[in-house]
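Take the model below and read it from the overall fold down to single side chains. Keep the sequence beside it.

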Amino acid sequence: SYHIIYKNNQMKQRLSALSKETRCYIMSAIMVFEGFNGVDAMTETRGEMSLDVLGLSKEDIMSFPMPEYSQIISHLKIINDPEVRHFILSNTYLPVLRSQKADAYRAFKQFCSDLKWSSSEVKESMELTEQISDIKPLYNITSSSKSGCLTVIVFAILSSTLLAFTVI
């Protein structure tokens, strides 16, 4: 328990060094992938925990203009801190694992590809997230994707998730 609190505080410090705008883009990415699960009893709690670690309030996220997928990518791909990148990867991959949906896996793989971060770093974060959550992916993801359609789908999911999160 102490270790988790310490790690959370350590991550809060790393994240607080980022601009509020960047932290809002990180939250937007998390919400995109939470959207694959739909709204359930834990949505608000997971959202509040993410906001807390990111040092954001509900008002911060509600007043943040809804970004397009390309904006999320352009703001996140320049992050150099490997701990922050791991935070982003694990917090976007966990809802994908929970959803067990093939389209969620394809969207996540495209997200990782678009970020252009080290494939070994991405793989390591995915494996660690699977170990910690004790959830394994059901689907074998191929590298082929229909990215033109993906952007529209991700944007629609982001829109509905933002709306659901602000209503709660």
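This is a predicted model: local features need pLDDT of at least 70, side-chain atom pairs count only at pLDDT 80 or more; totals for chains, interfaces and linings use all residues.

Residues are numbered from 1 along each chain as its sequence is written, and side-chain values use heavy atoms, with hydrogens and water left out.

Start with confidence. The chain has a mean pLDDT of 84, where pLDDT is the predictor's confidence in each residue, from 0 to 100. A value of 70 or more is reached by 78% of the residues. Among the elements, helix α5 (residues 69-76) has the highest mean, 97. Helix α9 (residues 147-167) has the lowest, 54. Over residues 142-148 the pLDDT falls below 50. Beyond near neighbours in sequence, that stretch has two contacts in the model; contact means heavy atoms within 4.5 Å.

Now the fold. The chain has nine helices and zero strands. Both kinds of element are DSSP runs, numbered from the N terminus: helices are H or I with at least four residues, strands are E with at least two. Of the 168 residues, 42% are buried. Buried means under 20% relative accessible area, exposed over 50%, and partly exposed in between (1.4 Å probe, protein chains only). Contacts with a separation of 6 or more are 84% between residues 24 or more positions apart.

Next, a helix pair. Two packed helices are described by the angle between their axes and the distance between the axes. The axes of α6 and helix α8 (residues 119-133) come within 9 Å and cross at roughly 55 degrees. That makes α6 oblique to α8. Axes are lines fitted to C-alpha atoms, for helices over the stretch in contact, and angles run from 0 to 180 degrees between N-to-C directions. Under 35 degrees counts as roughly parallel, over 145 as roughly antiparallel, 65 to 115 as roughly perpendicular, and the rest as oblique. On the α6 side, the residues that meet α8 include H86, L89, Y93 and L97. Among their counterparts in α8 are V122, S125, M126 and T129.

Which residues does L76 contact, leaving aside its neighbours within four places in sequence? They are T22, Y25, I26, A29, I88, F111, L115 and W117. L76 is found in helix α5. L76 is buried, with a relative accessible area of 0%. From R23, L76 is 53 residues away in sequence, yet the C-alpha atoms are 9.4 Å apart in space.

Finally, the charges. The structure holds nine salt bridges, each a side-chain nitrogen of Lys or Arg within 4 Å of a carboxyl oxygen of Asp or Glu. E34, R46 and R98 are linked in a network of them. R46 and E34 meet at 3.1 Å, N to O. R46 lies in helix α3 (residues 43-54) and E34 in helix α2 (residues 20-34), so this pair ties together parts twelve residues apart in sequence. Both R46 and E34 are buried. E34 also meets R98, at 3.8 Å, N to O. R98 lies in helix α6 (residues 82-99), so the bridge from E34 in α2 ties together parts 64 residues apart in sequence. E34 has 14% relative accessibility and counts as buried. R98, at 36%, is partly exposed.

Another salt bridge joins E130 and K136, with the closest N and O atoms 3.9 Å apart. E130 counts as buried, at 11% relative accessibility. K136 is exposed, with a relative accessible area of 55%.
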